[in-house]
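The following report describes the architecture of one protein chain.

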Amino acid sequence: MRLATWNINSIRARVDRAVAFLDRSGTDVLALQETKCKDSQFPFEAFEAAGYQVAHFGLSQWNGVAIISRVGLDDVELGFPGQPHFGEEPALEARAIGATCGGVRVWSLYVPHGRALDNPHYAYKLNWLQTLRENARGWVEADPAAKIALVGDWNVAPRDTDVWDLSVFEGQTHVSQPERDAFAAFEGVGFTEVSRQFVPEDRKYTYWDYQQLRFPKNEGMRIDFAYTSPALTAEVTAVEIDRNERKGKGASDHVPVIVDIAD
């Protein structure tokens with residue numbers, strides 16, 4: 001099975017690119033983040049015409065996550081148990097969706113940004129990651145043979161070389177130690193971040209801002225990752241960061257991370 005994760009940055013603006021990516025890459029399951037639409041606005045028909053099933057969780061023009069699969073789409077779950085809420089009137093945001101695809105429990109995740117270290121959104125982000133981690137621990141403890149993939153835009157740069165210039169990010173989110181600790185803590189409950197395992201090189205980015213020619217200068221960030229449970233880690237055979245998807249007209253500011261899983 002070929003599994004890919006991609007922050008699409010508006011599915012309605014990039015549906016043609018998404019369908020073309022599926023055809024070009026041979027991807028069986030695509031986890032999308034930042035679809036930026038309600039369920040009623042999602043272009044289901046384009047993917048169904050290509051032979052895929054779709055599960056989408058979108059509440060407004062912000063956030064939004066989806067799983068698109070041609071190997072089954074069962075037991076869809078909108079949000080993980082206990083997922084923290086946010087807002088003046090705290091509410092669940094469309095940041096996580098789970099489904100079982102070809103025997104793998106796939107979670108498409110759009111981790112909160114954090115905004116600033118003194119912003120309530122930062123505490124929300126840390127709580128969100130902690131709650132997800134505790135769920136991940138419980139899932140593996142309940143079934144050590146479970147094949148689970150936690151994939152998406154994590155909005156954390158775990159290493160200094162995961163940003164193009166660390167001095168630019170000094171005192172900001174994404175590189176703070178509490179965020180990095182929260183990200184690394186998934187290893188402590190048995191998960192492996194397989195993109196790093198297979199693509200260990202420094203400065204292999206997954207995101208480049210649209211401004212100031214960041215992409216041509218390779219001034220990017222590595223913030224899109226794939227954590228897999230022990231049973232699934234053993235079956236991962238390759239990972240690719242599809243940098244070419246950032247090229248051309250109408251590209252997202254993120255690129256797909258592709259994970260190959262043995263039969």
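## The β-α-β unit

Strand β7, helix α3 (residues 120-142) and strand β8 together make a right-handed β-α-β unit. Right-handed here means that, with the strands pointing away from the viewer, the path from the first strand over the helix to the second runs clockwise. Helices (H or I, at least four residues) and strands (E, at least two) are DSSP runs numbered from the N terminus. The model is a predicted one, in which local features need pLDDT of at least 70 and side-chain atom pairs count only at pLDDT 80 or more, while totals for chains, interfaces and linings use all residues. Residues are numbered from 1 along each chain as its sequence is written, and side-chain values use heavy atoms, with hydrogens and water left out.

Strands β7 and β8 (residues 148-153) run parallel and are joined by six bridges. Within this pairing, Leu109 stands opposite Gly152 in β8.

## Strand β7 and the sheet

On its other pairing, β7 runs antiparallel to β6 (residues 96-101), again with six bridges. Cys101 stands opposite Val104 in β7. The two strands β6 and β7 form a hairpin with two residues between them, and Gly102 in the turn has a positive phi of about 55 degrees.

Seven of the seven residues of β7 (residues 104-110) are buried, that is, under 20% relative accessible area, where exposed is over 50% and partly exposed lies in between (1.4 Å probe, protein chains only). In a regular strand the side chains alternate between the two faces of the sheet. Both faces of β7 are covered, with Val104, Val106, Ser108 and Tyr110 on one side and Arg105, Trp107 and Leu109 on the other.

The open sheet contains six strands in the order β5-β6-β7-β8-β10-β9, with mixed pairing; two strands pair if DSSP finds at least two bridges between them. Strands β5 and β9 (192-193) stand at the edges with a single partner strand each, so one side of each has no neighbour in the sheet. Two bridges join β9 to β10 (residues 224-228) in an antiparallel arrangement, and Glu193 stands opposite Tyr227 in β10.

## Nonpolar cores

A nonpolar core is a set of buried Ala, Val, Leu, Ile, Met, Phe, Trp, Tyr and Cys residues joined through side-chain atoms within 4.5 Å. The largest such core has 32 residues, among which Ile67 and Val106 touch the most other members. Elements giving two or more residues to this core are β2, β3 (53-57), β4, β6, β7, β8, β11 (236-241) and β12. A second, separate core of 23 residues includes Trp107, Leu150, Trp154 and Phe183.

Beyond four places in sequence, the contacts of Ile67 include Val29, Leu30, Ile97, Cys101 and Val106; contact means heavy atoms within 4.5 Å.

## Thr35

Thr35 lies in the loop between β2 (29-33) and α2 (44-49). Thr35 counts as buried because its relative accessibility is 0%. Leaving aside neighbours within four places in sequence, its contacts include Ile8, Phe42, His56 and Asn63.

## Salt bridges

The structure holds 15 salt bridges, each a side-chain nitrogen of Lys or Arg within 4 Å of a carboxyl oxygen of Asp or Glu. In one of them, the closest N and O atoms of Arg2 and Asp260 are 2.6 Å apart. Arg2 lies in β1 (residues 2-7) and Asp260 in β12 (residues 257-261), so the pair ties together parts 258 residues apart in sequence. Asp260 counts as buried at 18% relative accessibility.

Arg70 and Asp28 meet in another salt bridge, at 2.8 Å from N to O. This pair links the loop between β4 (65-69) and β5 (74-78) with the loop between α1 (11-25) and β2, 42 residues apart. Arg70 is partly exposed at 43%, whereas Asp28 is buried at 14%.

## Cysteines

The count of disulfides is zero, a disulfide being a pair of cysteine sulfur atoms within 2.5 Å. The sulfur of Cys37 is 18 Å from the closest cysteine sulfur, in Cys101, which is too far for a bond. Cys37 is buried, with a relative accessible area of 0%. Cys101 is also buried, at 0%.
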